[in-house]
Amino acid sequence: MQIDDLTAKAKSGFKWTVILRFSSQIITWVISLLVIRYLSPEDYSVVSLSEVFFSSLFVLCTLGLHEAMIQTKSLDETTARKVLGLMLLTHIVVSAALWLFSDFIAGLYNNSSLSAVLKAGAVVYLITPWLNVAFAELSRGMEFKRRGMVELISAIATSLLSLVLAVLGYGFWALIAANFMGIIFRAVGYNLLLKKLLIPSFNFGGTSDLLKFGLTVVGAGVLSSLYVGADVVVAGWTVSPEILGSYAMAMFLAIMPMAKLMPLIYDVVFPYFSAIRDEARCIEMFKKIMTLASFFIFPFFFAGTLVVEEFVMIFLGEKWKLIILPMQIVLVTIPLRMVVNLMWPLARGVGHSAVVMNHMAISLVIVATVVLIVTPYGINWIAASWIVTTPILFVLAVLMLRSRIEITLTMLLSLMYRPLFISSISLALIMLIERALSMGLSIFNAVLKLVIFVFLYAGLSFLLNKQQLEYSIRFRLS
């Protein structure tokens, strides 16, 4: 396929992915807020711990083969069946181990409910090989619109299920069961789109190249899951379920936009970079994406800090007041973390997955160490660890990637410093206005602060960052 054709498909795919996922997120975010009102911090401590184990173990189970399928130049049905067989075999082994050790893991955190959740997940996740293989085949064909429709229906159905279960008083099972149902729904939907159900093959000959690429990806994926959940896992050893649940909820809400947006971007640009394979063209596209992303993500998350208190106290209730300051702290670090995450599809697409894995390994050690040191000082200090670790991990990522790809710290900072500076000035001015006027907690005041922020950011961008402003307005993928 020609570069122009690939770009057109990527552009169309990104458009449909944005439309469909944005539609689903509006609905699911509203429902999620309603669900949270019915949950306690103790409930969410079970959810957050189980997610760390599920995400780590079942990323391992993929062996990175679904991304290897996307990245490889050619793929036939025989090879796809072998990949499915490898994934299924690994899932069976890991699921059995998780079942056997679930009681021991629950004992480490003095949480008996965690054992039942881990055992249930060990069974449900056995179907994910079919989900991952079908997802890879749809991605290779850049079937983003049809895949997005499945994800939209799944998101709405599972969100409604979680709300019903929460209202009926099922506590943490409301979120756990909805997550399991989403896996089942997407596995069925993807395979229906392909109009076939592959039978796994356990003759693994000819899969060595896929495994070589996949294992570097899965190494990074497991380490990434552990790195993202390191604060919860480490803090969970010593803090109470209420504190752990409150901290985990603060992280969940703060990083939710990033968690929802990054897969949207990754699922489009990784197949695009993998198909092009020309490093110079990929870097050119990366710069375009970074120019657009940096203009929007800094003001988005900085503005979010202004309305956290109103959001928590009005929509979630008094029982969640502990999460206010941790959310505000984490929100200002999210843009830099997103910049790091935007580098990884580029690195993997041009064949440098080992860099991602090495960065995740170092990041895990750094984050776990810092969190272990600050945990005795309380929830706000655990959140503050993000301020310490995020800039370090950003610089580390650039330095590690620079040895393989023509990406430099100077180039990235040139795209970021104006949006960062203008967002900081806008945030500071509104905080001064809020203090001077003694603005109380109300939806009206929250909306007013956001409106003022938007006008300040737009006006200052016109004066100080006109080129990036104009580029963001007229952005095109091609």
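1. Accessible areas here come from the Shrake-Rupley method with a 1.4 Å probe. On that basis the protein exposes about 20900 Å², of which carbon and sulfur atoms supply 68%; the model is a predicted one, and the area should be read accordingly.

2. As to overall make-up, the protein has 19 helices and zero strands, and buried residues account for 55% of its 478 residues. Of the contacts between residues at least 6 apart in sequence, 85% join residues that are at least 24 apart.

3. Helix 12 (residues 308–316) and helix 13 (residues 324–331) have axes that come within 9 Å and cross at roughly 140°. Because angles over 145 degrees count as roughly antiparallel, this pair is classed instead as oblique, and helix 12 passes helix 13 in a right-handed crossing.

4. On the side of helix 12 this contact is made by Val308, Glu309, Val312 and Met313, and on the side of helix 13 by Ile324, Met327, Gln328 and Leu331. By class, the residues of the contact between helix 12 and helix 13 comprise six nonpolar, one polar and one charged.

5. A second pair is formed by helix 14 (residues 334–349) and helix 15 (residues 353–374), which pack at an angle of about 145° with their axes 7 Å apart. Helix 14 contributes Val340, Trp344, Ala347 and Arg348 to the contact, while helix 15 contributes Ser353, Val355, Val356, His359 and Met360.

Note on methods
Residues are numbered from 1 along each chain as its sequence is written. This is a predicted model: local features need pLDDT of at least 70, side-chain atom pairs count only at pLDDT 80 or more; totals for chains, interfaces and linings use all residues. Side-chain values use heavy atoms; hydrogens and water are left out. Axes are lines fitted to C-alpha atoms, for helices over the stretch in contact, and angles run from 0 to 180 degrees between N-to-C directions. Helices (H or I, at least four residues) and strands (E, at least two) are DSSP runs, numbered from the N terminus. Angles under 35 degrees count as roughly parallel, over 145 as roughly antiparallel, 65 to 115 as roughly perpendicular and the rest as oblique. A crossing is left-handed if the near helix is turned anticlockwise from the far one by less than a right angle, and right-handed if clockwise. Contact means heavy atoms within 4.5 Å. Ala, Val, Leu, Ile, Met, Phe, Trp, Tyr, Cys and Pro count as nonpolar, Asp, Glu, Lys and Arg as charged, and the others, Gly among them, as polar. Buried means under 20% relative accessible area, exposed over 50%, partly exposed in between (1.4 Å probe, protein chains only).
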